[in-house]
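Here are a few friendly notes to read alongside the model. Have the sequence and the 3D view open as you go.

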Amino acid sequence: MKRITAFLLIIIMMFTLTGCPASEDGTWDLKYVFLFIGDGMSFNAVQLTRDAIASRYDSVIPAELSFTDFDTVGLFTNYDAESFIPESSSSGTAMATGIKTNSVCIAETSWGEEKDSIATLLKEELDMKVGIITTANMNHATPAVFYGHSASRYNYYEIGEYLPKSDFDLFIGGQFLDPEGGGEHLSSLAKKEGYTVIDTKENIFGKKDKNKKHLIIDPWCDSSGMMSFSIDRPKEAPTLANYLEMGIELLDNEKGFFIMCEGGRIDSALHANDAATAMHEVIAFSDAIGAALDFYEKYPNETLILVTGDHETGGLSLGYTGSGYTIAPDKLFEQKISYLTFDNEYVTRYKNENTPLDSILKDVESLFGLEDISEYERTRLEKAWEKTLLGSDGYTEEDKLNYGTRTPITAELTRLLANRAGIDFSTYVHTAAPMVLWAKGKDEAVFGGTYDNTDVYNKLYSLFFK
């Protein structure tokens with residue numbers, strides 16, 4: 001009798017600790033998958049964040065983020081069908097569907113053949129629950145490749161129409177782009193397909209029915225329609241980690257789930273060469289991965305966590321000619337607001353009031369920590385302010401290279417702070433750098449080594465459809 005009781009206790013412990021028993025052959029089945037994609041997040045962006053945190057404590061030993069100590073690390077190429085430098089649409093399509101396509105295609109070939117994503121297959125073939133979480137717009141390129149199809153990432157309304165048709169269980173993100181471009185509002189279409197739409201501050205924290213599908217649009221979006229940057233985000237607003245925890249709670253079920261969680265605004269910040277804002281976005285992204293690790297601790301034998309980027313943005317270098325062999329990335333913590341908030345709330349007013357540069361520099365000192373402006377730095381800022389007042393119509397070829405499509409004074413300020421921190425940028429667009437992938441959990445070894453971005457899909461497919 002004692003032996004039987006002990007045996008029953010072991011069985012009960014198995015269910016309690018792991019959630020479900022081993023399969024018939026004694027192995028554990030993969031049941032929960034988290035795919036984290038840092039849009040524009042290269043190894044250098046991750047390393048910058050680690051170094052910045054460490055340097056705050058006068059250390060040259062890089063701080064660990066939630067995922068940087070994962071045992072399994074892979075490196076993959078990410079060229080697309082027409083360029084060494086990919087777009088989010090083509091790189092996302094490769095990871096989600098396993099095909100190479102042209103730069104702007106969404107989950108279809110350059111000749112128009114649609115390909116279902118791994119998320120769609122897991123939903124339709126295995127009845128797993130699926131959640132898509134992003135800090136970018138709901139029909140932006142990266143989330144779109146998992147549920148939609150289009151010849152162009154810029155067909156926002158067409159892409160948005162696929163969202164309710166996907167029957168995915170959960171969407172959390174920023175506002176729709178072109179929400180009424182083809183007629184009825186995309187949120188209304190989602191409601192007709194049975195989605196509970198939540199888009200107000202009053203309802204965001206309310207009780208939610210796990211048995212229903214949800215479309216949650218963040219009520220704290222900025223002028224881009226994306227979730228506001230972490231550096232700007234009010235304390236009462238949910239973080240990406242909060243939204244991931246919300247997603248886990250809604251999706252957790254006995255058949256398992258697949259969650260794609262995108263740190264979409266890392267890319268936005270790096271396009272603007274705003275290193276400080278990008279750093280805060282990487283920290284928020286890491287915190288969300290931390291929430292997934294908490295879940296992993298409950299079900300380590302059935303959970304797989306993958307963390308990667310889709311492409312590199314900005315040509316970020318951890319070094320600058322003017323700073324020699326030292327960097328001081330902790331200076332980035334002195335910046336208080338993003339480039340976008342500075343543009344919208346300060347530069348607009350400066351232009352309307354024709355504010356002199358000396359008055360602007362008083363704000364710059366408190367908002368960016370830029371004290372003791374040198375003669376060289378002032379010359380850079382004077383030229384940038386002159387160009388800001390002049391407008392892009394008066395840009396020379398050199399101006400276009402210096403400022404891209406950014407507001408000159410803001411571009412110069414974020415670059416100046418980056419240079420003081422000992423870092424620099426080579427571009428306002430993407431680069432051809434390969435991507436690092438960190439893996440932890442069930443079958444993590446599959447993702448070690450070197451491969452192509454299409455193999456992210458291929459490897460996931462092989463784990464579920466053997």
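1. Aspartate 452 counts as buried because its relative accessibility is 10%, buried meaning under 20% relative accessible area with a 1.4 Å probe, protein chains only. Aspartate 452 sits in strand β12, strands being DSSP runs of E of at least two residues, and helices H or I runs of at least four, numbered from the N terminus. The side chain of aspartate 452 makes a polar contact of 2.7 Å with the side chain of threonine 77 (N or O atoms within 3.5 Å, one able to donate a hydrogen and the other to accept it; residues adjacent in sequence count only if both atoms are side-chain atoms).

2. Please keep in mind that this is a predicted model, where local features need pLDDT of at least 70 and side-chain atom pairs pLDDT 80 or more, while totals for chains, interfaces and linings use all residues. Residues are numbered from 1 along each chain as its sequence is written, and side-chain values use heavy atoms, without hydrogens and water.

3. Strand β12 (449–452) is an edge strand, as is β5 (195–198). They belong to an open, mixed sheet of 10 strands, ordered β5-β6-β4-β3-β7-β1-β8-β11-β2-β12 (strands pair if DSSP finds at least two bridges between them). Within this sheet, β3 and β7 run parallel, joined by six bridges, and lysine 129 stands opposite phenylalanine 257.

4. The largest nonpolar core has 86 residues, and Phe34, Phe36, Leu244 and Ile305 have the most contacts inside it (buried Ala, Val, Leu, Ile, Met, Phe, Trp, Tyr and Cys joined through side-chain atoms within 4.5 Å). Helix α10 (residues 275–298) gives the most to this core, with 13 residues.

Technical notes: Buried < 20%, exposed > 50% of the residue type's maximum accessible area, 1.4 Å probe, protein only.
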